Amino acid sequence: MNSVSLVAELPGHDDRAWAVAWNPSRPILASCSADKSVRLYSYSSSALKFDHVTTIPTGHAKTVRSIAWSPSGKTLATGSFDSNIGIWEQENVGEDELGAGEWECMTILEGHETECKGVAYSSTGTLLASCSRDKTVWVWEVHPDADFECLGVMMEHSQDVKCVAWHPSEEILASGSYDDTIKLHIDDPTEDWYCFTTLIGHTSTVWSLAWSPKGSYLASASDDKTVRIWRRTEQYKWETVLTINAHDRTIYAVSWSKGRPKSGAGGLGWLATAGGDGSIKIWELTEETGSEPSIAHCLIAVLPSAHGVHDVNAISWCPREGMEDVFATTGDDGVTKVWRVVPGE
């Protein structure tokens with residue numbers, strides 16, 4: 001079995017750290033916290049050395065629960081329990097600054113009635129999604145000069161919406177909720193954004209969602225201690241093809257990487273899971289062909305007590321080429337940690 005090796009331990013938040021996000025185009029890692037701040041770290045991909053470069057005192061009145069980089073890597077969105085979304089850009093960006101310059105709040109997006117739980121940019125960067133305890137999912141269109149227009153408000157969930165995740169290449173938005181369901185949303189050219197299907201199977205809160213790198217599958221993590229893998233069978237139809245009894249307690253986070261390159265067809269990459277039992281688990285997924293297509297899963301690495309006695313709140317694979325085996329986590333201890341999967345002998 002592989003092992004999980006600690007690359008960097010990045011303390012600094014004064015309260016629990018809720019989320020972590022890798023900048024897709026620049027070597028910057030961001031974390032956010034109940035202390036209302038965002039911390040930015042630069043790193044060298046060759047030496048994997050991480051340095052704190054700046055802390056953004058966001059001005060949010062309450063916890064910063066979620067963060068998301070735009071695909072260009074120039075803009076950072078923050079979702080807060082104060083119900084607002086902050087849009088941040090770095091002033092006078094120099095090639096060597098790597099996040100160290102001043103970050104300015106370009107605009108505040110208002111509309112949610114209570115806590116904003118999740119934010120996510122689409123693959124093109126032209127859309128931003130947000131979700132809230134007010135049971136709604138919003139889609140915002142991104143215009144130049146930090147101008148945002150609300151294109152739709154979906155109110156199909158019956159409870160708190162915990163997370164949103166965009167398909168990696170299509171404008172399909174997934175949302176997970178306290179109502180135990182996952183809803184998929186698209187734009188109707190003649191109408192507004194709407195929910196085109198509801199995925200039912202979990203028996204408790206859906207905390208986290210992750211699309212497969214090619215977008216044919218969706219992973220969901222739940223309070224019912226399982227991870228479900230949903231496969232697209234038709235344009236607007238998805239069904240469960242695998243249920244993993246993954247952890248002993250609530251699974252708060254799931255992230256999907258293409259994994260380390262391997263020979264042979266059918267490889268779907270690596271799935272990382274973490275949550276209330278404090279452990280990190282790495283699963284290798286393989287697509288098996290036959291009369292009924294199926295997915296095989298293999299547990300390839302386990303790390304108990306990743307953040308000591310604390311819950312692990314977020315897990316995220318690095319998107320940069322050559323770093324597919326590197327991921328970051330945050331926990332209730334206020335610490336961000338960076339890890340690498342090390343091949344077993």
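These legends go with a set of close-up views of a predicted model.

**View 1. Glu115 and Arg133 pair up across two loops.** Let's start with Glu115, which makes a salt bridge with Arg133; the closest N and O atoms sit 3.5 Å apart. Glu115 comes from the loop between β9 (103-109) and β10 (116-121), while Arg133 comes from the loop between β11 (127-132) and β12 (137-143), so the bridge ties together parts 18 residues apart in sequence.

**View 2. Asp160 meets Lys117.** Here the closest N and O atoms of the salt bridge are 2.6 Å apart. Asp160 belongs to the loop between β13 (147-154) and β14 (161-166) and Lys117 to strand β10, so this pair links parts that are 43 residues apart in sequence. Asp160 is buried, with 10% relative accessibility, and Lys117 is buried as well, with 8%.

View 3. Across the whole structure, a search turns up 10 salt bridges.

**View 4. Glu170 holds on to Arg232.** In this salt bridge the closest N and O atoms are 2.7 Å apart. Glu170 sits in the loop between β14 and β15 (173-177), and Arg232 is in strand β20 (residues 226-234), so the pair ties together parts 62 residues apart in sequence. Glu170 is partly exposed, at 32% relative accessibility, and Arg232 is partly exposed too, at 22%.

**View 5. Four acidic residues make a negative surface patch.** The members are Glu171, Asp187, Glu191 and Asp192. To find Asp192, look in the loop between β16 (182-187) and β17 (193-199).

View 6. How many disulfides does a search of the whole structure find? The count is zero. For Cys150, the nearest cysteine sulfur is that of Cys116, 13 Å away. Since a disulfide needs two cysteine sulfur atoms within 2.5 Å, that gap rules one out for Cys150. Cys318 is in no disulfide either, and its nearest cysteine sulfur, on Cys32, is 18 Å away. Are these two cysteines buried or exposed? Cys150 is partly exposed, with a relative accessible area of 33%, whereas Cys318 is buried, at 4%.

Definitions and conventions:
Residues numbered from 1 in each chain as written. Predicted model: local features only at pLDDT ≥ 70, side-chain atom pairs only at ≥ 80, totals over all residues. Heavy atoms only, no water. Buried < 20%, exposed > 50% of the residue type's maximum accessible area, 1.4 Å probe, protein only. Patch = residues over 30% accessible without salt bridge, like charges linked within 9 Å, V, L, I, M, F, W, Y side chains within 5 Å. Areas by Shrake-Rupley, 256 points an atom, 1.4 Å probe, with all protein chains shown as cover. Salt bridge = Lys/Arg side-chain N within 4 Å of Asp/Glu carboxyl O. Lys, Arg positive; Asp, Glu negative; His and termini not counted. Charge placed at Lys NZ, Arg CZ, Asp CG, Glu CD. Helix = DSSP H or I, 4+ residues; strand = E, 2+ residues; numbered from the N terminus.
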